[in-house]
Every structure is written in C-alpha cells, then in structure tokens.
Amino acid sequence: MSANFEHYKVFYYVAKYKNFTRAANALLTSQPSVTCYIQNLENVLGCKLFIRSKKGVVLTSEGELLYSYVAPACMQFMQGEEALKERLGKQIEQINVGATQMAMHSYLLTGLHQFKEQFPQVRLNIFTYNTPQTLSELKAGKIDLGIITTPFYCDENIKAVKVKTFRSLLAGGKKYEEYGGKTSYLSELSTLPLITMSNVTTTFAFFQEFYHSCGLVMQPAIEVAGIDLILPVIVQNLGIGFVPEELARPALEKGEIVEIKLHEQIPERSICIVSDSRRPLSSAAKQLQQMLEGQCPQKQ
C-alpha cells in the first residue's frame, strides 16, 4: 500500500496533540483506527514516527522531520476548508488556546465557563503546554491566545498582560512532619530529596534562580512532567517540593502534607495572557481575550 492524505492528516493530529485518544476525538474516529493509520504509515515509510509511553507520545527525529513538512500542508488544507465554509455561510468560529497547567486550573477554566455561556456557538480548542511551548505555538500561529506563568522572555511582538499573582510554598508528606513545626533555612533542607518540575519548564528555572539567590545549587531527586504530579509524589513521602498555595491548600487542610516554612521569602509569580500583535484576532478571540484580561484588575 501507499500512504495517502488521510494517513498524513492522522499523523498531523497525533503529533499535534501528542496523544492517540485526543487525536481520535479531534478526528471523530476511534483510537484503534488512529493506531492502525500510524502503524500503516510507519510501515510504508520504513521508520518509527513516535515513541509511545503511558502518558502519550513524542515524535522521533524522523517524525520531527516529517512533521515540519506535513504541518504546514495540513494547516493550508484546513484554512482552505474554513475559507470555503465562510464563503458558503457555514463557518463555525473557533479559538485555539494554549495554557500551562497552573494557569488552566487557577485562572482559565473560570473564564472559559463565562465565555461559553455568552458565546455557546464558538468552538474552543484547549491545549496544555509549558510556558516555552505555549510561546512557541503562539509565534507559529498555531494558537490564538496563551495563558502562561512567569518567568518568561518574549519579544516585542508579544503582548503580555498580567492577570493574577500567586505564591508557592514548600511542602512535604507526613514523613516530614518534624519540619512543619519550625522555620528552616533552605540550606538546612539540602539533604532531603527534592521534587521539581522538569528542567525544560519555567517553574524549574524559577526555583533554580531562587536557590542561586540563596547561594545554593538546586539538585532535584525527582523531576515530574506536570504541576499536577508534584502533590501526589509529595503525599507518597518521596520528597519535598514547591507547590502553588492554591493547589496545596486542600491537601494541607486534609493533613496529607505539611508546609515547611522558610526564612527565605519565595518570590511571587504571575499568570499572564499573551497574544501575538502581528496576527489579528477573530472577533470571538478578541472577546475571549478581553474577558480573560478583565477577570482581575491587576494589569500591566
């Protein structure tokens, strides 16, 4: 057999979502069907395109090369379809939003609920990335808006509006209760296993700089891919870690974790709405942007 456009379309969606099930949902088909398409394409091309794991998939080097050619072509086809639908009066407006997990849970979901109540006809596509990935997708024109956490660097074309501030606390499981009743210097905790986000995230960079400001070198014992994974690892007494106060509060109230107070003050961080000034937003995307930016009076 030879590969056809449908194979490359399925490949594009799997690479985009990094997950077979999410790709199947977007394509309105089944996960086994998506798997079959990818296996057939790999057989035709004679190489592996994805590395599979329990959490999803990542592109191989061959897959990355193929995606660099397939993505622009698929986007052109989809833009052509949308242009035709618009001419025929059948366009369904959609908005692509990228967000970090912290921004998603702490800020975005409330805004989306309000937006959908007012604009139920608009389709929302939500993607979860870390901050660097969100900015990259925004610059590439793959998303309309990004909701990210500081620190980050963006060029003059990216508009950033601060909408919320938050603090993190240091926490440990019940095994570390002895540290919960006192205030410690960060250096006194250096022998305890530290749980952090992965080293490609801004959260890792933020706390690495925090350690540096305290004259220390951060040495993680465990790195996790998402902010939602830190608490479960802490609860299992595998180490201590920094958690946003908002996310830590329920576990603290249940007694599942203890707060480890520090003499050093952990700097505040922010959640920001970002958009690319070079790309005009649709009317619906502008409405969402204004609604999200208006949720909180803190703006810059």
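I take "exposed" to mean over 50% relative accessible area and "buried" to mean under 20%. With that settled, I opened the structure, which is a predicted model.

**Entry 1: the helix itself.** I looked up α3 first and found that it covers residues 31-45, 15 residues in total. From its first C-alpha to its last I get 21 Å, close to the 21 Å expected at 1.5 Å a residue.

Entry 2: Which residues of α3 are buried? My list reads V34, T35, I38, L41 and E42. Looking down the axis of α3, I see these buried residues fall within an arc of 130°, so they line one face of the helix. The general rule is a handy reminder here: an α-helix has 3.6 residues a turn, so residues three or four places apart point the same way. I then turned to the other side of α3, where P32 and N43 are exposed.

**Entry 3: what the buried face meets.** I checked the partners of the buried residues of α3 and found that they pack against α1 (5-17), α2 (20-27) and β1 (50-53).

**Entry 4: α2 against α3.** How do the axes of α2 and α3 cross? I have them coming within 8 Å and crossing at roughly 105°. Since 65 to 115 degrees counts as roughly perpendicular, that makes α2 roughly perpendicular to α3. On the α2 side I wrote down F20, T21, A24 and L27, which meet Q31, V34, T35 and I38 of α3. Sorting the residues of this contact, I have five nonpolar, three polar and no charged.

Notes
Residues numbered from 1 in each chain as written. Predicted model: local features only at pLDDT ≥ 70, side-chain atom pairs only at ≥ 80, totals over all residues. Heavy atoms only, no water. Helix = DSSP H or I, 4+ residues; strand = E, 2+ residues; numbered from the N terminus. Expected span 1.5 Å × (residues − 1). Buried < 20%, exposed > 50% of the residue type's maximum accessible area, 1.4 Å probe, protein only. Arc of directions from axis to C-beta. Contact = heavy atoms within 4.5 Å. Axes fitted to C-alpha atoms, helices over the stretch in contact; angles between N-to-C directions. Parallel < 35°, antiparallel > 145°, perpendicular 65-115°, else oblique. Nonpolar A, V, L, I, M, F, W, Y, C, P; charged D, E, K, R; others polar.
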